[in-house]
Amino acid sequence: MCGIIGCVGHKNAKKTLINGLQALEYRGYDSAGISYFASNMIKTIKTVGKVSCLREKVSAAGKEEATCGIGHTRWATHGGVSDTNSHPHTAGRVTLIHNGIIENYKELQDELEEKGKKPISQTDSEIAAMVIDDCYKGDPEAAIRMAVSKLEGAYGFCIMFSDIPETIYAIRNGSPLVAAHTDKGSLVASDMVALVSHTKHYFVLKEGHIAKMTRDEIIVKDETGEIYSPHIHHIGWDMAAAKKGGYDYFMMKEIHDQPTALLNTIRPRMVDGLPDFSADEVGDDIFENINRILITACGTAMHAGLIGRNMIERLCRIPVTVEIASEFRYQDPIMDEHTLFITISQSGETADTLAALRLAKERGAKTLSVVNVKGSSIARESDYVLYTHAGPEIAVASTKAYSVQLSVMYLIALRLALVIKKITEAEASDYMTKLMETVDKVEEALGYDTQLENIAKRIARNDDIFFLGRGLDYALSCEGSLKLKEISYIHSEAYAAGELKHGTISLITDNVPVIAVATQPDVFAKMISNVQEVRSRGAKVILVTGPDASVDAALCDHQVVLPDTDPLFTPFVSVVILQYLAYYVAVEKGLNVDQPRNLAKSVTVE
């Protein structure tokens, strides 16, 4: 969840750290801090608030030179938001930053207090620093090894020892860390967006490996102490992709990135007009002898899975279950070698999803993951991986990552249907043509911004907003509702429209906004009946339809007519409308769209 960066050898380490933290702020913005070597000692500056507050505090502290340091931007878990609880934490000769949660911190704290050692903060991270310091007898790697053997939970640590200048040690379990060495020195971070201005080449630190970073090199050792040569990855995007590009917020930029991201994700998997995963080294054998598909994910990725289920069952006639990853492994799920287990994760580090993946592998299921980050934990641990090509997504509320996840789910459905002969090559080619045509429809939908801005102004002051849909539209509505609630803080729920009469229609009162998505011809008449039900009870209706829908003007307050799109592919277009709506409601309320309260981009702790 938190953002981590470290650098060694950079002439202006403080500037490198602050700029890196600015890029990582989407991972947490409760507080920020840096520690650096200066005048033969470690100095720390930290503060409650955003990185901009830290930048001011560092500037006010003077121009003291530093070439080695670590920095942290916090999403609070253990302990409230305060200067004391901010990172970095120092215990004796150890200064540490941490992303993750130490689950047995209380037991460790009790053991330390028996030795007369008491923390000054309320964080589990300070306990980790104290444990490492307690184990430190002059050999840093031995101390780290001994300490982590006592820790239970998830962690990504960057550690400095006061008696070992110009050196950073890093180790992780669960929480991500990437590192790179350049001609200017060594770098480590929790996300490549903090490093891309320095290099496009990096490696992912494996769990349990220790990286020793100096100006001249990075030495990685495995659990046995043997030197390990990590695989070097290359990113295909540059710093411009991680900047706003003239937009007020990253979210708006990323909404507009969707056509390009979709093309980048679909085109490499289209060979002779057919869906093809050969370039991903995903052979058709993955689809052989399967009788069930399980999809696990969290939040927005799970909503992409809901639409994926609809498409796979529709085209392939194989039963598909979509499970919330955080609940999945506690249900003693049924899986075997005939199960295809699909995980979806933007970061590839989502803790719950990773845990579910590991359980699936234990039980013999074939595993396929859809992720956006090369070399991430989920990608490495899956039997097969399909990378999305969204580029960096900085806004906490996911937009383009969702769209490309959808596109991959459609491609999986089409390839599977072709392999098991549920559709012909001619039919598959027709579907692929429509999928590519849909990208143009997404581009057209981006021109609806003024209409959605005007609608948003009329509903932004409501306390409750409801979404209705059937079939694909219901799955899409779940995502629209999540977008709205996470950035506007308006209570919002999505309901399958047919369920209204089973209790939830009691929530409809005068002028309560209802966003009704009605793009599916086979259930359109029933959907309109549901809209009439809420309308008769005073709801303010925003109706999203295709261009051929015949609607009585009295049925709704606002009608949004989508570009002419094949009904099976309307989720790609409809989601732009719902993203715009959420965005403009949040803007109308004067909120920080990119950094909603209490949320962080990547959930790397359970």
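These notebook entries follow my look at aromatic rings and the charges over them.

**Entry 1, ground rules.** I am working from a predicted model, where local features need pLDDT of at least 70, side-chain atom pairs count only at pLDDT 80 or more, and totals for chains, interfaces and linings use all residues. Residues are numbered from 1 along each chain as its sequence is written, and side-chain values use heavy atoms, with hydrogens and water left out.

I paired rings of Phe, Tyr and Trp (its six-membered ring) if their centres lie within 6.5 Å, calling planes under 30 degrees apart stacked, over 60 edge-to-face and the rest tilted. That rule gave me 10 aromatic pairs. I looked up Phe161 and Tyr169: their ring centres are 5.6 Å apart and their planes stand at 85°, so I noted them as edge-to-face. I found Phe161 buried at 1% relative accessible area (buried is under 20%, exposed over 50%, partly exposed in between, with a 1.4 Å probe and protein chains only). Tyr169 is buried too, at 3%.

Next I checked Tyr580 and Tyr584, a tilted pair with 5.9 Å from centre to centre and 35° between the planes. Tyr580 is buried at 0% relative accessible area, and Tyr584 counts as buried at 11%. I also wrote down one aromatic cluster, formed by Tyr249, Tyr580, Tyr583 and Tyr584.

Lys14 sits over the face of Tyr36, 5.1 Å from the ring centre. I found Arg597 over the face of Tyr489, at 3.9 Å from the ring centre.

Definitions and conventions
A charge sits over a ring if NZ of Lys or CZ of Arg is within 6 Å of the ring centre and within 35 degrees of the ring normal.
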